[in-house]
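Please open the structure in a viewer and keep the selection tool at hand.

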Amino acid sequence: MFISFIRENKIAAGILTLLRLYLGYSWLTSGWGKLTGGSFDAGGFLANAVNNPVKGPDGTAVYSWYTTFLDSFALPNVELFNTLIPIGEVLVGLGLILGCLTTAAAFFGCLMNFSFLLAGTISHNPTDILLSTILLTAGLNAGYYGLDRWVIPYVRKTMGKRSSDKITNTPL
């Protein structure tokens with residue numbers, strides 16, 4: 001009953017819009033500050049996550065696979081992450097605020113929140129994950145009062161044409 005309410009009801013779409021705007025503003029301001037501040041460097045955060053991993057009651061690292069990923073890939077490529085993190089935050093924020101590709105924006109925002117949690121940062125990440133999960137569950141209704149109302153049908157129409165062209169081997 002609740003699922004059908006948030007997926008189909010236009011009042012729910014209005015409430016979801018408010019959630020979307022709140023979450024989108026949070027992502028946009030966070031990313032914009034990193035982009036325009038000129039001194040964002042994830043290196044210290046990543047090194048701290050590697051040196052002080054999340055530990056269980058027995059004192060061993062709970063997410064040793066994630067610590068290994070950070071140590072072997074993220075830290076050596078910190079310049080890439082210094083670029084991807086702020087751009088990703090801004091794109092998630094814009095997607096949520098504009099209601100454009102809302103479920104994709106919510107998914108990637110949730111992915112970034114989980115990355116911060118796995119690195120040992122609590123902050124507002126659990127709240128953001130909860131709100132993103134609500135938006136993901138709502139599906140297209142989360143972007144009903146946004147650009148998704150026009151973008152998603154266009155994408156479906158365009159992708160549908162291209163896949164059928166491939167099947168019949170007709171040139172585009």
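The stops below begin with the whole chain and then turn to individual helices and residues.

**The whole chain**

Please bear in mind throughout that this is a predicted model. Display the protein chain as a cartoon: it holds eight helices and zero strands. Traced along the sequence, the pattern reads α-α-α-α-α-α-α-α. The C-alpha atoms occupy a box of roughly 55 × 45 × 35 Å along the principal axes. Of the 172 residues in the protein chain, 33% are buried.

Select Lys-34 and Glu-89 and show their side chains. Side chains of opposite charge can pair when their charged atoms come close. Here, Lys-34 and Glu-89 form a salt bridge, with their closest N and O atoms 3.0 Å apart. Lys-34 belongs to helix α2 and Glu-89 to helix α5, so the pair ties together parts that are 55 residues apart in sequence. How many salt bridges does a search of the whole structure find? The search finds one.

Is Glu-89 buried or exposed? Glu-89 is buried, because its relative accessible area is 1% and the limit for a buried residue is under 20%. Lys-34, by contrast, has a relative accessible area of 23% and is partly exposed.

**Helices α2 and α5: the nonpolar patch**

Next, select Trp-32, Leu-35, Ile-87, Leu-91, Leu-94, Leu-98, Leu-147 and Trp-150, which make a nonpolar surface patch of about 800 Å². The elements that contribute two or more residues to this patch are α2 (10–37) and α5 (78–98). Which element gives the largest share of the nonpolar patch? Helix α5 does, with four residues.

**From α2 towards α3**

Move to Phe-40, in the loop between α2 and α3. Phe-40 is partly exposed, its relative accessible area being 26%. Select Ile-85 as well and draw a line between the two C-alpha atoms: the separation is 9.6 Å, although Phe-40 and Ile-85 are 45 residues apart along the chain.

**Helices α3 and α4**

Select residues 43–51 for helix α3 and residues 64–74 for helix α4; their axes come within 9 Å and cross at roughly 135°.

**Two loop residues with positive phi**

For the last stop, recall that most residues other than glycine have a negative phi. Select Leu-101, in the loop between α5 and α6 (102–118). Leu-101 is not a glycine, yet its phi is positive, at about 55°. With 41% relative accessibility, Leu-101 counts as partly exposed.

Then select Ser-123, found in the loop between α6 and α7 (125–138). Ser-123 also has a positive phi, near 45°, and is a residue other than glycine. Is Ser-123 buried or exposed? Ser-123 is exposed, because its relative accessible area is 54% and exposed means over 50%.

Key: Residues numbered from 1 in each chain as written. Predicted model: local features only at pLDDT ≥ 70, side-chain atom pairs only at ≥ 80, totals over all residues. Heavy atoms only, no water. Patch = residues over 30% accessible without salt bridge, like charges linked within 9 Å, V, L, I, M, F, W, Y side chains within 5 Å. Areas by Shrake-Rupley, 256 points an atom, 1.4 Å probe, with all protein chains shown as cover. Salt bridge = Lys/Arg side-chain N within 4 Å of Asp/Glu carboxyl O. Buried < 20%, exposed > 50% of the residue type's maximum accessible area, 1.4 Å probe, protein only. Axes fitted to C-alpha atoms, helices over the stretch in contact; angles between N-to-C directions.
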